[in-house]
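Subject: Structure handover

Hi,

Here is the structure I promised to pass on to you. Could you load it before reading the rest of this email?

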Amino acid sequence: MKRRDFLKYTAPATVLPTFINGFAVKAFGSSSSLLAALEASATDNDHVLVMIQLAGGNDGLNMVVPLDIYGKYQAARPNIAIAEGKVLPLVNNIKTGLHPALKGIQELYDDGKVCIVQSVGYPSPDYSHFRATDIWLTGSDQNQVLTTGWAGRYLSTEYPDFPDNYPNDKDTDPLAIQIGSIVSPAFNGTNANMGIAITSATDFYNLIDGVQDPVPNTHAGLELEYIRTIARQTNKFADSIKAAASKVTSQSPYPDNGLAEQLKIVARLIAGGLKTRLYMVSLGYFDTHASQTQGGDNTTGYHAELLGRLSTSIKAFMDDLTNLKVSRRVAGMTFSEFGRRTKSNGSMGTDHGAAAPMILFGDYVLQGVLGASPTIPDATSVNDNMPMQYDFRSVYASLLEQWFCVDNTTLQTILLKDYQRLPIISGIACGTITAIDDVNNGSTHLITNYPNPFVDTTTLKYKSKGGHTMIQIFDTMGRLIGVPVNKVLAVGEYTTSFDARQLATGTYYARLQNGPYQQVRTMLKVK
Amino acid sequence: MDRRQFLTLSPESRQTVKATTTGARTDSGTNAYTGAFDTAQVVHLLKRTMFGATPADIAWAKGLGMDAAVEALITTTSTIATSPLNTYGDDVTGIAPGATWVNSTPPPVATDDLDLDKMRRPTYQAWWVSIMLSQGRSIQEKMMLFWANHFSIETDKVLDARLVYRYNNMLRANALGNFKTLVKEVTLAPAMLIYLNGNLNGKEAADENYGRELQELFTVGKGPDSHYTEDDVRAAARVLTGFRVDPVTMTSYFETTQHDITNKEFSDFYLNKKVSGKTGPDGATELDDLLAIIFSSNEVAKHIVRKIYRFFVYYLIDDAVEANVITPLAAIFVANNYDITPVLRALFKSEHFYDPLNMACLIKSPVDFTIGMCREFGVQFPSAYMDAYTAWDTMRDTMKNMLQDIGQPPLVAGWDAYYQEPQYHELWINTDTLPKRNMLSDMLISNGGFANLKIDVLTFADKLSDPSNPVTLVNDSLDLMYRIEVSDATRAFLKNTLLLSGQNPDSDYYWTDAWNTYKANPGDAASRQIVESRLQSLYKYLMDLSEYQLA
């Protein structure tokens, strides 16, 4: 795969299907770009990633319930906690269970097709929907503003000349598809948005315009209809999408909800042979400040309904893909702009929080729960947030590396840094089968501190298995206080001192990261 | 035949098909409009008479009221202080870089190594773009485009940009003046004499080119009641013999020895009138006699009024429009000795103009689309002349790719979208040009912009009544950008999906907070991007929809 010094270009913040209409303009591309595009042949695999955005901030703690610390969980949110007996167990895992609405996810997990990554976040999290969403979609740091999306940067490395001369004889299909009316900023590439938005697999009218009003019976209506007719004929990807959709004449049953409808279209296009690599679908209204559970039965209510839609939709999608014999081409992931607060509020809801679990699914996804149950204090305060165990960009990096077979150099170009990689996808997927470490077993007894509690300073004692080793200190709001260790070490035990004299009393988290391993240590500063 | 079916027919059958009217029609005429002059009417008036309507333009017109606003628009004229500059470097006539070439000595005849005029032509076109971009609150520049299309010349056929520049200024100076005067000026303009071979027209063998277009295109036209004859073409050509161009003074003169001094007789269409041949310098005055004959026909007024109607209102002229609008306006034109403003006054103050049926139905020309977009969004152009010319030229090239190359119409009839039955303005929009329109707006609104030009959505939104309220923001934006009514469902979609990013529809305060946070600290990149990226997606979406192509 060819890398390009694409950062020198100013990136356009196109959010809409720019390139639907873009490629026809010869004046804007050099004459050689077609050749260049053909030479820069993209990595040869047919893997598809389906991203499910849970808009509004999903309450991860009620989605993935920490059975091993159930008492602390229950104490932190007595009015909305899921009863211990109602939590769905996972095979070979006594620490973790699922919300009772996630029956389909449980089945997929037990089938060996689901990986749950605990406490995914980023240092110094933002609590604004808009900003946090932008961070997740662009893959930026908290204090960094990026105008390209992480998935768009990936596609830019694969198709550096896009949108000039696309589609062409070789690349006939859209590179990324958003099911919905506007294209996700995640697909913002360096030259253009790499995605198109479709609301339906067959009615291409709506592929361009999404929401449309009928035309009035006036001169203006006549002209509007004329322009819309031309616009319909203009979408160069129409033929390939329609052709793919028409190849699939029967699909498995789906539940009746918006997410299921979106995933049904995705399954149809994948099975129809569309070479599109990235799909984005979404499910909204996770902003459950109030009434997230119903009084009397915490397994029902608003959140339960949303998770039920999520679970039944994913299960139906996977079943459909399996019947259509394309499930091996597909990996999926859920994400949300943030999780919610550890402690529930008085209105049967939860407020904006920080780290939360992600669910990854697919035939090649490695079964397991990565990371420990989130840290919950014995007595939670309103400011308590779950400390991050994994950076969300580590998940992106792992998917790019293990699912899209991106090499390490390119990976750093896409994600702008070298992020920790986690074992999420089987090595078979990229033909690089290696021994897989037991990340969780390897992630214990790595870091401790003494004295604890402490007054001014404490000593961090940690082990490195060799290679890059980093310790980050977070406060309960997830703010990054410091990075006392960030270097390449030989195998061995080390100590470092943590000076907290300038800091307020309270809980701090020391997160050790070493290769695929991580552990979070809770430290308490007292007077 | 259904009009849609027509679109799929072969080109052969296309020529003969006449547009049929649709179900909706209007019988409104030229009675003075006395209804409301609210945002819908104001924006309608401004978008039709200017290139786009800015929030400030709208406030200005609302403050004046309909009568005063129309008066101001049709009577305000300005002279142009700038002229095209040497941006190309070496100039064998001695014009320094950065200086204007419009008064240079004649450019030498082009050779393989030297084609000075070819280098000047783009700067003339770019200069014209700049004039349109900086237009005042007046119909002047749109009338200028109207006349430039009506009296088309192709810059690369005249082969002397100095003369084309003078022609441009002449049209502008007469744009709101007297049409008869304008026709005479056009006839004698050096650029037109060269373009339609008037300068080669002599007594030995008259060149009929200009004599034909003068009647077919410029005056009586080819309406259903216009029956001038081939003999009339020849007679007119003979009247026009002897006019020549002096390239040094850049003026025309009358060469008596080349003039046909015989009598010229016209057909019964012109009531068998006659131009008596004159000798010596008096021969030049035969032109006045010819124009008197031509202008005695009512077809002149009807032809021009129809063309004005198609340019400013809608291309379809059915029996009702002909009777209720064209005929009375033509009468006004004649009664006022072919002064142009009385016609415009009557049209833009008429019930017919403000009839809802005549709103939103005009497909924007490429110039209207491009210049209007730049003006409405306040796109900033560079001030250094080289950068400015590059930007203006890029816009010129963009409009060219959309089929309207300013200063370079396809032929003497002008752009076919202004005259070609039955599609007219629809010809601007096809599967090649529509993507280019979308591409331009997409790129201008992207963070990187296009050719150092960029739509600043934050500045634009700040001019609206309450940008912190997402409902108001969407409504205000639609009022300015769309002429066609948008349903509540679409408005809700725009607000919820684009401004609230799919958050709960009842959480408008998320947008309000985001906007207020940005306003409190505009320098903060993250809070700025939150509102900027969402506004970009909103305006990009609006400009990509078909509705945006209508004025």
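Below are some notes on what turned up in it.

First, the conventions: this is a predicted model, in which local features need pLDDT of at least 70 and side-chain atom pairs count only at pLDDT 80 or more, while totals for chains, interfaces and linings use all residues. Residues are numbered from 1 along each chain as its sequence is written, and chains are lettered from A and ligands numbered from 1 in the order in which they are written.

**Chain A overall**

Chain A has 14 helices and 19 strands. Here helices (H or I, at least four residues) and strands (E, at least two) are DSSP runs, numbered from the N terminus. Of the 527 residues in chain A, 57% are buried. A residue is called buried if 20 or more other C-beta atoms lie within 10 Å of its own, exposed if 12 or fewer, and partly exposed in between, with C-beta atoms placed from the backbone. Contacts are counted when two C-beta atoms, again placed from the backbone, lie within 7 Å. Among the contacts in chain A between residues at least 6 apart in sequence, 73% join residues at least 24 apart.

UniProt, in an unreviewed entry, places the feature "domain: Secretion system C-terminal sorting" at residues 450–520 of chain A. UniProt positions are given in the numbering used here, feature names are shortened, and annotations may be inferred rather than shown by experiment. In the model, that span is 0% helix and 69% strand, and its end C-alpha atoms lie 15 Å apart.

In chain A, four strands form an open antiparallel sheet in the order β16-β15-β18-β19. Two strands pair if DSSP finds at least two bridges between them. At the edges stand β16 (480–489) and β19 (517–525) of chain A, each with a single partner strand, so one side of each has no neighbour in the sheet. Neighbouring strands of this sheet are turned by 15° against each other on average, direction ignored. For such angles, axes are lines fitted to C-alpha atoms, for helices over the stretch in contact, and the angles run from 0 to 180 degrees between N-to-C directions.

Strand β18 (residues 506–514) of chain A pairs with β19(A) in the antiparallel sense over nine bridges. In this pairing, A:Ala510 stands opposite A:Arg521, and A:Arg511 stands opposite A:Val520. The hairpin of β18(A) and β19(A) has two residues between the strands, and A:Gly515 takes a positive phi near 60° there. Is β19(A) mostly covered or mostly uncovered? It is mostly covered, with seven of its nine residues buried.

Another open sheet in chain A has three strands in the order β2-β4-β3, with antiparallel pairing. Its edge strands are β2 (64–66) and β3 (88–90) of chain A, each of which pairs on one side only. Neighbouring strands of this sheet are turned by 40° against each other on average, direction ignored. Helix α4 (residues 103–110) of chain A packs on the sheet and touches β3 and β4 of chain A, and its direction makes about 15° with that of β3(A).

**Backbone details**

Most residues other than glycine have a negative phi, and most peptide bonds are trans.

- The peptide bond from A:Tyr450 to A:Pro451 is cis, with omega near -10°; A:Pro451 lies in the loop between β13 (447–450) and β14 (457–464) of chain A.
- The peptide bond from B:Glu421 to B:Pro422 is also cis, with omega near -10°; B:Pro422 is in the loop between α20 and α21 of chain B.
- A:Met348 has a positive phi near 55° and counts as buried because it has 21 C-beta neighbours inside 10 Å.
- B:Asn272 has a positive phi near 55° and counts as exposed because it has 9 C-beta neighbours inside 10 Å.

**Where the chains meet**

In all, 57 residues of chain B are in contact with 46 residues of chain A. On the side of chain B that touches chain A, α26(B) gives the most, with ten residues.

Best wishes
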